[in-house]
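Please read the points alongside the displayed model.

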Amino acid sequence: EDVYAQRVSATGSVLWTVDGVALCTAVNNQGDVAIVPDGAGGAIVCWQDLRSGITYDLYTQRINAAGAVQWTANGVVVSTSSGHQTNPAMIEDGAGGAIIAWQDDRLGNSDILVQRLNSSGVTQWPIAGTFLCNASNDQINPTLATDGSGGAIVAWQDGRFPTTIDIYARRVDSAGVVLWTANGNAICSAVNHQFSPLTISDGAGGAIITWSDCRVGTVDTDIYAQRIDN
């Protein structure tokens, strides 16, 4: 599996190379793709990548409005730390770059990390990524929204308690400084399981988070939401 991109006009016309522009054709599999606008008519794309043949890493590529690849062939590194880096989620940073969150098992369990890339594909925060949560057990399925100031609010599905899955969130500012409670603020810790969060900006520096919720019974799933300020 490789990664390709295509642009379609407002009238449905294909604008780039027939069958798509190759963003990554490295060996082995690339997949689980995330994409955001680059602010100039193009896009920034991130994916999990098995080119090492051993573990999944994260790579990203920018493509401009004309369909020309802008960064290193087959993508620039977001993280190639030990263990697997998977399930990327991404937002634009408001300055032509992007902020990426992912789940990472370099410490054994899955944790949540983030990284920011500028418009040239250069990492802006620590090269291995910034930890938002390394609580016990697994944290997975990150989702994020802009904080309106060049940073992000990231939510995730959290298994730190062995009998339930909850929703937690944490903010990282534009400089990569992690804010709020260590390992995240509890968004929902109701009984039974809360999972599959989605996040959007509330337009005031905070975020609105929604998720699937089994608090009334594990065979009865409902939808809840919560708003958190900055």
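1. Basis of the note. The model is predicted, so local features need pLDDT of at least 70 and side-chain atom pairs count only at pLDDT 80 or more, while totals for chains, interfaces and linings use all residues. Residues are numbered from 1 along each chain as its sequence is written, and side-chain values use heavy atoms, with hydrogens and water left out.

2. Secondary structure. The protein has 18 strands and 0 helices. Both are DSSP runs numbered from the N terminus: helices are H or I runs of at least four residues, and strands are E runs of at least two.

3. Overall dimensions. The C-alpha trace spans about 50 × 40 × 40 Å along its principal axes.

4. Burial and surface. Of the 230 residues, 50% count as buried. Buried means under 20% relative accessible area, exposed over 50%, and partly exposed in between, with a 1.4 Å probe and protein chains only. The protein exposes about 10000 Å², of which carbon and sulfur atoms supply 51%; these areas come from the Shrake-Rupley method with a 1.4 Å probe, and for residues only the protein chains shown count as cover.

5. Contacts along the chain. Among contacts with a separation of 6 or more, 40% are between residues 24 or more positions apart. Contact means heavy atoms within 4.5 Å.

6. Four strands form an open antiparallel sheet in the order 3-4-5-6. Strand 3 (30–37) and strand 6 (76–79) stand at its edges; each has a single partner strand, so one side of each is left without a neighbour in the sheet. From one strand to the next the twist averages 30°, with axes fitted as lines to C-alpha atoms and angles running from 0 to 180 degrees between N-to-C directions. Strand 3 pairs with strand 4 (residues 43–49) in the antiparallel sense over 6 bridges, where pairing requires at least two DSSP bridges between two strands. Glycine 31 has glutamine 48 of strand 4 as its bridge partner.

7. Threonine 55. This residue is found in the loop between strand 4 and strand 5 (57–63). Threonine 55 counts as buried because its relative accessible area is 17%. A polar atom of its side chain lies 3.4 Å from the backbone oxygen of glycine 83. Not counting residues up to four places away in sequence, threonine 55 touches Asp49, Leu50, Gly83 and His84.

8. Aspartate 104. Beyond four places in sequence, aspartate 104 touches several residues, including Ser79, His84 and Asn109.

9. Leucine 179. This residue lies in strand 14 (residues 178–179) and is partly exposed, with a relative accessible area of 26%. Leaving aside neighbours within four places in sequence, leucine 179 is in contact with Arg170, Arg171 and Asp173.

Conventions. A polar contact is a pair of N or O atoms within 3.5 Å; within protein, one must be able to donate a hydrogen and the other to accept it, and residues adjacent in sequence count only if both atoms are side-chain atoms.
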